[in-house]
Amino acid sequence: MSAREKKAIVIGAGIAGLAAAIRLLCKGYAVDIYEARSEPGGKLHGFHLGDFRFDAGPSLFTMPEQVTDLFRIAGKNPDDYFQYRKLEDSCTYFWSDGKRLTARSDPQAFAQQASETFGVPEKRIADYLAHARNLLATSGSIFLEKPLTKSATWIQTGVIKALWTLRAPDLLFSMDRLNRLRLEEPHLVQMFNRFATYNGSDPYRTPGIMAMIAALEHGQGTYFPGGGMVSITEALHRLLMDLGVRLHYNSQVDEILVEGGRAKGVRVGIEKFAADLVVSNMDIWYSYRRLLPGQKAPERILNQERSSSAMVFYWGMKSTFPELGLHNIFFSGNYPDEFRQIFQEGRLSEDPTVYINISSKEQAGDAPAGCENWFVMVNAPRHQGQDWEGLRGVIRKAIIHKLEMRMGRDIASEIIEEKVWDPPGIEADTWSYQGALYGNSSNNALAAFLRHPNMNGRIGGLMHVGGTVHPGGGIPLCLLSAKIATAAL
């Protein structure tokens, strides 16, 4: 049988599933994607409310090369499918004591402005960012780009050298403790603690090595894709159509067929489809509990603490707000308490940190003239039967009160369109167990080693991609999961 005759089935048309399909097509596989929804993208999809357009899920774009590489390996010009631009500002921050900072992406410019704003030596900030960049370039190249369960990974010269550069605080201290040690100034500590939320974790428990995340925004930079975040999905979908993938919508896979310890295909309803290779882009919890009945499951992994979820309000605003940018953060006045309530008590904070993304700041057509589209999100605990219907009203009121206090103007009367996405809705719409956005949390020093590997160690011919397996959640890591999973073929 030639490589061209080999068949692969991808379960789920989320961003990692699309990337895996592209890579498999380029390796000579005939690929079928089965998607339960009527559109591709998973969390990375868009919708309209009246005259306002919104991106439903991810709103931050970093590491664009992980997207453009997919076009290059397919022999296509990325510019023919996808355009994006680099942003000078990463985020505008608002603190409860009135402090405010529009942070530059350039590390030197940021160090200078933060020094002036908070009275901290510029060198202290520059050294912190240099350390974060070094962590990303060395340890990050291991934990994010290599299969951690293969012994060959750990004997490579570059890997050994990278591990040798790690310092004890990076592994033994929490992110918060490391940030207090290196930055000292409370506003900056809170600002850099927030990067733990990029993988749904608690900065007071996640290891200091996660400080590498800061190097994405203040080093590599942040970007905006033309057409909004959904254009990433649309570009990859168009590439797949050009390459000849068969994409089956409204086709929910009910079982991964296993014979003799090897994946042999899938069952959709009463129909069975054979394949040489099966790739699951489904949440790893559902991959085992729903798709692999009777197969031994990795209980230690499946029973780990889940990441945080989110409560998202999509608001069409009838006015513009010049003080806001594309990305905005309104911090809680008590950050430790907020994370304690989310992770230990399973409830929403009474004083939540509020994130607002306004894509119409960069893409004028996303809102009518003189209006803005607000994606308003607060961190939330995973879904465990809380009264989310009641909580919606409570947290909505708390958000509006916080914003009105910080900006000194009416907010409630500006909202003319509204939709809410809560943890049970996220679970139902995207098959994310308990509505957790990133699968397992990283509230553990060994978290990177405890995520499910991309190659299934028990079932041959079965791969796992997406935000709930190695290396983690977020667009770049989901794309890397597909790269790692298919690299050995």
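This is a predicted model: local features need pLDDT of at least 70, side-chain atom pairs count only at pLDDT 80 or more; totals for chains, interfaces and linings use all residues.
**Entry 1**

E11 and strand E12 (residues 271-274) run antiparallel and are joined by 4 bridges. I noted Val268 and Glu271, the latter in E12, as bridge partners.

I next turned to the hairpin of E10 and E11. Here too I found 2 residues between the strands, and Gly260 has a positive phi near 60°. Strand E10 (residues 255-259) is joined to strand E11 (residues 262-268) by 5 bridges, and the two run antiparallel. Glu259 has Arg262 of E11 as its bridge partner.

Most residues other than glycine have a negative phi. Met63 is not a glycine, yet its phi is positive, at about 50°. I located Met63 in the loop between strand E4 (52-55) and helix H2 (65-73). Is Met63 buried or exposed? I recorded Met63 as buried because its relative accessible area is 8%, and the cut-off for buried is under 20%.

Trp431 also has a positive phi without being a glycine; the value is about 55°. I placed Trp431 in the loop that runs between helix H16 (423-430) and helix H17 (447-450).

**Entry 1. A cis peptide bond**

I checked the peptide bonds next. Most peptide bonds are trans. The bond that joins His470 and Pro471 is cis, with omega at about 5°. Where does Pro471 lie? I found Pro471 in the loop between strand E19 (462-464) and helix H18 (475-487).

**Entry 2. His48**

Lastly, I looked up His48, which belongs to strand E3 (residues 46-49). His48 has a relative accessibility of 57% and therefore counts as exposed, the cut-off for exposed being over 50%. I also noted the separation of His48 from Asp366. In sequence, His48 and Asp366 are 318 residues apart, while their C-alpha atoms are 9.0 Å apart in space.

Definitions and conventions: Residues are numbered from 1 along each chain as its sequence is written. Side-chain values use heavy atoms; hydrogens and water are left out. Buried means under 20% relative accessible area, exposed over 50%, partly exposed in between (1.4 Å probe, protein chains only). Two strands pair if DSSP finds at least two bridges between them.
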